[in-house]
Amino acid sequence: MDKLVIEGGQPLSGTIRIHGAKNAALPILAASLLAEGEVTVRNVPRLLDIDVMLDILRNLGCNASYGDRSVIVDTSPASSSHIPETLMRQMRSSVFLTGPLLARFGEVHLYQPGGCAIGERKIDLHLRGLAALGADIQEKGSRIVCRAAQLKGTEVILDFPSVGATENIMMAAVLAKGRTTIVGAAREPEIQDLQAFLNQMGAQVTGAGTDTIFVEGVSSLSGCDFEIIPDRIVSGTVMVAAAASRGDVELHGVQPRHLTSLIHVLRRAGVQIEVGNAIIKISASTRPKAVERVMTSPYPAFPTDLQAQLMAFLSLAEGVSVIKETIFEGRFKHVDELCRMGADIRVDLNTAFVRGAPELYGTTVEATDLRAGAALVIAGLAAQGRTVVEQVHYIDRGYERIEDMFRQLGGDIIRECGQPLIPQPAR
Ligand SMILES: CC(=O)N[C@H]1[C@@H](OP(=O)(O)OP(=O)(O)OC[C@H]2O[C@@H](n3ccc(=O)[nH]c3=O)[C@H](O)[C@@H]2O)O[C@H](CO)[C@@H](O)[C@@H]1O
Ligand SMILES: C=C(OP(=O)(O)O)C(=O)O
């Protein structure tokens, strides 16, 4: 398996353009199934999770191809509503196919989804929402069958603003009969992007970005051409890496308003940030100050997907930072690895107390999940000496060749290719 080898201590500098958002592209590609016709999705990042989504779409009978940063999906030949277990288990986002398949075929056969081990990650809110729309749901072990000859609009109340459940319910509701109201919806920018995509196909969805979403059911949807928003988590990762390496970086093609909570925390740590139209300039030259209280929460609060990266940065701060993780109960796996690099972090339940150290030191560490892996890369870029990050396939789920991205900014980072994950047949 591949490894990243990083010689730390180089301040990052230069300009970078940020790729499209994985978390917008995945539900949007799943939603393409709702249209009978051809859908073009632009600014799609080349990631492992996107490849898995395209494999699933092909398995369901669609034609799906990737080229020139765009995906073209022709959903007219789609013929199956069975998602294969092996593909279902490769990522959490396979669950996004549930709403669209149910709306299109009146049934869907699926399994509990896989993905990074960062918590229990049930799908009860997804299934309860679909049941409220009239689906009959049978669960046997990890196998799930949902059926509904015609979904019917209703009020769905979410006990927690789950991003995925909000998206699945929106996708199911667009072809339902009548009006659906989602109360307690998640407000993430990716949900607004999904609304824009659905409406471009002819749906009638309003309210995304607030906690109440209205969906007026329509009888059919047609293909469209749509461009994905920039990835706010990749943007945030580059910003934190620039600050940790005490560099000077300009990010282009970003949406600063999606990063308000991170900008606020980094400024509290003493980082210089200038915000323009689709541009963020970030520079840091001194040791950061500790940040007393950071808590992950649903958007617009601080995102759980940047918690690990921020912790790597605050490991180098002057003083003690306190980081509380309220979204995923298993999202502190990077702590042990950061400590192996010289960080001083104590965890008490869902709170990490980070006593900043003057330096981190390179060693061999293991990415245990996607953002934990990104945090170790940041730590490696800022550390003294050589860091080797193993299990890079987790990082490849969400960053398009992370080593190229940081090398473009002057980072000394290369990939050493190992055995392929899936053994290739002998020629
Ligand atoms: C592809 C995608 O967009 N992934 C993002 C999405 O994941 P995802 O959509 O899976 O995250 P959710 O918002 O659904 O999960 C938040 C919390 O709700 C719980 N929960 C969720 C659904 C459910 O049916 N039952 C339940 O208990 C989860 O275990 C978790 O504790 O939002 C997360 C929270 O911002 C991000 O970290 C992920 O990067
Ligand atoms: C947890 C993440 O993704 P997913 O929901 O696809 O597992 C992430 O992007 O950090």
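**Close-up 1. Helices α5 and α6 pack against each other at an angle of about 25° in this predicted model.** Helix α5 covers residues 124-132 and helix α6 covers residues 163-173, and their axes lie 8 Å apart. Because angles under 35 degrees count as roughly parallel, α5 is roughly parallel to α6. If you like to check handedness, the crossing of α5 and α6 is right-handed.

**Close-up 2. Here are the residues where α5 meets α6.** From α5 come Leu 125, His 126, Gly 129 and Leu 130. Facing them from α6 are Gly 164, Ala 165, Asn 168, Ile 169 and Ala 172. Sorted by class, this contact has 5 nonpolar and 4 polar residues, with no charged residues.

**Close-up 3. Domain 1 meets domain 2.** The domain assignment gives domain 1 as 3-19 + 230-416, and domain 2 as 22-227. Their C-alpha centres are 30 Å apart. Domain 1 brings 19 residues to the contact, and domain 2 brings 16 residues. On the side of domain 1 that touches domain 2, you will find 6 nonpolar, 5 polar and 8 charged residues.

**Close-up 4. Ligand 2 sits in a shell that draws on both domain 1 and domain 2.** Surrounding ligand 2 are Asn 23, Met 91, Arg 92, Ser 93, Gly 115, Cys 116, Ile 118, Asp 305, Leu 370, Arg 371 and Gly 398. How many nonpolar, polar and charged residues does the shell around ligand 2 have? The shell has 4 nonpolar, 4 polar and 3 charged residues.

How values were computed
Residues are numbered from 1 along each chain as its sequence is written. Chains are lettered from A and ligands numbered from 1 in the order in which they are written. This is a predicted model: local features need pLDDT of at least 70, side-chain atom pairs count only at pLDDT 80 or more; totals for chains, interfaces and linings use all residues. Domain bounds come from an automatic or database domain assignment. Two residues are in contact if their C-beta atoms, placed from the backbone, lie within 7 Å. Ala, Val, Leu, Ile, Met, Phe, Trp, Tyr, Cys and Pro count as nonpolar, Asp, Glu, Lys and Arg as charged, and the others, Gly among them, as polar. A residue is near a molecule or strand if its C-beta atom, placed from the backbone, lies within 6 Å of it. Axes are lines fitted to C-alpha atoms, for helices over the stretch in contact, and angles run from 0 to 180 degrees between N-to-C directions. Helices (H or I, at least four residues) and strands (E, at least two) are DSSP runs, numbered from the N terminus. Angles under 35 degrees count as roughly parallel, over 145 as roughly antiparallel, 65 to 115 as roughly perpendicular and the rest as oblique. A crossing is left-handed if the near helix is turned anticlockwise from the far one by less than a right angle, and right-handed if clockwise.
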